[in-house]
Amino acid sequence: MMDELRELYQEVILDHGKNPRNFRHPDDANREAKGENPMCGDRFMIYLKLKDGVVEDVAFQGRGCAISTASASMMTEVVKGKTEAEAKALFETFHDLCTKDDHEHGDHGPVDEEAMEKLMVMSGVRQFPVRVKCATLAWHAMNAAIEGQDKASSE
Amino acid sequence: MDTQIADPTLITYDVERVRADFPVLSRTVHDKKGKPGKPLVYLDSAASAQKPRQVIDAMTRFLEEDYSNIHRGVHFLSQTATDQFEAVRGKVARFLNAPSERNIVFTRSATEAVNLVAHSYGRAFLSEGDEVIVSIMEHHANIVPWQLLQADKGVRIKVVPVDDRGVLDLDAYADLLSDRTKLVAITHCSNVLGTVTPAKEIARLAHERGVPVLFDGSQAAVHGVVDVQNIDADFYVMTGHKLYGPTGTGVLYGKYDLLKKMPPYQGGGDMIESVSFEGTTFKLPPARFEAGTPAITEVIGLGAALDYIESLGREAIAAHEHDLLRYATEKLSQVEGVRIIGTAPGKGPILSFTVEGVHPHDVGTIVDQYGVAVRVGRHCAEPLSERFGVGPTARASFALYNTRAEADALVSSVIAVKEFFGA
């Protein structure tokens with residue numbers, strides 16, 4: 001039982017949850033989308049600076065639980081510098097990581113393997129189905145921002 | 001010779017005997033590979049209460065022996081089923097001390113009961129510029145129906161504040177009442193703070209201006225004796241599933257002269273006198289507001305739930321729950337970093353709290369691993385969570401079957417949360 005909790009709340013997640021990276025509102029952001037989980041009240045704004053199809057900067061603000069905050073923080077770290085297509089491939093692959101067993105993962109095109117290795121720490125949420133929404137909230141919002149939408153809901 | 005007991009609460013409340021009536025309470029959660037996990041510590045009854053064997057059996061028996069549609073058959077079963085269904089209306093009337101069973105309308109939920117009043121009374125008797133007074137601690141079920149009316153009819157919504165303990169600001173309420181006020185809709189017990197509102201005074205002040213009052217009794221009806229005549233409620237709503245009864249059952253109490261002048265809420269079978277394409281006439285209340293086949297079996301279950309509550313005694317239940325609240329509040333307050341939201345005197349057995357440095361959602365996940373079921377989030381009362389500047393909270397709620405040992409389990413699981421997060 002406690003092993004599963006440790007699996008969910010790994011040190012790295014607790015660290016990102018307490019000290020989120022890229023927790024700011026960049027002046028030159030040209031895309032933004034709100035991510036909201038109405039059930040628990042988690043709310044994030046994701047800010048992107050997109051230039052020539054590349055995510056030059058990505059940051060976020062808002063409040064949420066340790067899982068959603070850590071996931072948002074880690075998302076900003078791995079998405080920065082990616083092309084739109086690469087960022088979307090990461091989103092899809094990460095989504096599989098949180099929701100599906102390994103053998104069911106789909107092929108979402110070339111994906112940054114090093115980034116995915118980092119994100120592996122989030123895979124503990126699979127044992128906690130109600131927390132999957134927390135882990136994927138910022139990612140949904142990032143994806144929405146790339147697609148030019150202003151909000152994403154994890155419901 | 002009479003053997004009378006002067007004070008029924010002096011009889012020791014046998015909580016273990018009560019627990020034996022609730023099959024689910026003996027289960028464990030998070031079992032792994034045949035190994036039992038943790039005993040269930042169910043502290044989420046304010047969201048929905050567990051059901052005693054008596055309710056489950058009553059519904060099973062009804063389905064096996066007496067089930068039929070009601071109000072429409074000449075055959076034996078239909079009459080039997082109708083009699084049993086209508087008997088529950090009488091039980092509900094006695095439970096609320098309503099003058100008559102014709103004051104009792106069955107709905108699907110308390111939410112539907114509020115919507116019924118907003119839709120029927122609201123659309124018929126309120127118009128642009130009229131005001132509806134609610135409080136900041138309303139459940140969304142007593143906010144959104146009025147907002148729909150606002151969008152439809154242009155009425156305005158006025159909000160009574162609470163102080164930092166969660167006590168309703170009666171002076172502010174009195175100031176909000178005006179010639180424009182056409183309805184007051186206020187909770188009788190907050191589902192987040194536990195605050196019990198001074199219903200009688202709220203109604204008295206409104207009635208001075210001839211304004212009817214609706215009380216949301218979803219929590220209050222569970223934790224004490226409600227007397228709709230004594231508080232002089234015009235409308236009172238409650239829900240069956242928080243009263244140890246089945247889902248799909250709600251109640252609207254209404255003063256009969258009000259119900260009688262209200263137009264139908266929904267149209268259909270069972271609520272009409274005669275139907276023709278030249279014009280249809282409607283039955284008198286309560287039938288007028290009960291279109292379609294109701295949740296017959298569930299209403300039978302609600303009747304069994306009310307019998308069960310009465311068999312334990314509502315004062316005895318309230319005393320037991322109050323003891324648990326006091327005990328848990330004292331223990332939880334001693335944990336550093338825990339903040340209790342809602343400290344109104346005489347509050348109901350609802351304990352909302354935050355743990356410094358830990359989001360309630362994480363609190364909920366971790367205490368769940370210890371078998372402790374609490375609600376986390378905004379509890380369908382978003383304006384209130386903003387008022388206290390805390391956002392979401394964790395909420396433990398105590399019911400007639402909870403124990404001091406369970407309060408201890410809550411406290412030790414919260415301490416584990418803090419250790420886990422190094423908070």
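Okay, let's start in helix H2 of chain B, residues 53–66: B:Arg61 and B:Glu65 sit 4 residues apart there, so about one helical turn separates them. (Helices, H or I with at least four residues, and strands, E with at least two, are DSSP runs numbered from the N terminus.) Before I go on, this is a predicted model, where local features need pLDDT of at least 70 and side-chain atom pairs count only at pLDDT 80 or more, while totals for chains, interfaces and linings use all residues. Residues are numbered from 1 along each chain as its sequence is written, chains are lettered from A and ligands numbered from 1 in the order in which they are written, and side-chain values use heavy atoms, with hydrogens and water left out.

B:Arg61 and B:Glu65 form a salt bridge, with 3.4 Å between the closest N and O atoms. By salt bridge I mean a side-chain nitrogen of Lys or Arg within 4 Å of a carboxyl oxygen of Asp or Glu. B:Arg61 also makes one with B:Asp66, and there the closest N and O atoms are 2.9 Å apart.

How accessible are these residues? B:Arg61 is partly exposed at 32% relative accessibility, and B:Glu65 is partly exposed too, at 49%. B:Asp66, on the other hand, is buried, at 12%. Buried is under 20% relative accessible area, exposed is over 50%, and partly exposed is in between, using a 1.4 Å probe and protein chains only.

Now chain A. A:Asp112 and A:Lys82 meet through their side chains in a salt bridge, 2.8 Å from N to O. This pair links distant parts of the chain, 30 residues apart: A:Asp112 is in the loop between helices H4 (84–99) and H5 (113–119), and A:Lys82 is in the loop between H3 (66–79) and H4. A:Lys82 is buried at 12%, whereas A:Asp112 is partly exposed at 29%. Over all chains, the structure holds 41 salt bridges.

Side chains of opposite charge can pair when their charged atoms come close. So which charged residue is buried yet has no salt bridge? That's B:Asp216, whose nearest side chain of opposite charge, B:Lys242, is 8.3 Å away. (Lys and Arg count as positive, Asp and Glu as negative; His and the chain ends are not counted.) B:Asp216 is in strand E8 of chain B, residues 213–216. Leaving aside neighbours within four places in sequence, its contacts, meaning heavy atoms within 4.5 Å, include B:His139, B:Asn142, B:His188 and B:Cys189.

Last stop, the interface. Chain B puts 17 residues into the contact and chain A puts in 22. Together they bury about 1,800 Å², 55% of it on carbon and sulfur atoms. Buried area here is the accessible area, with a 1.4 Å probe, that two parts lose on being put together, summed over both. On the chain B side, B:His361, B:Gln369 and B:Phe420 lose the most area to chain A, together 36% of what that side buries.

And how many salt bridges cross between the chains? The rule finds 4. B:Lys32 and A:Glu4 also meet in a salt bridge, at 3.3 Å from N to O. On the side of chain B that touches chain A, the elements giving two or more residues are helices H13 (360–369), H14 (382–387) and H15 (404–421). H13 of chain B gives the largest share of that side, 5 residues.
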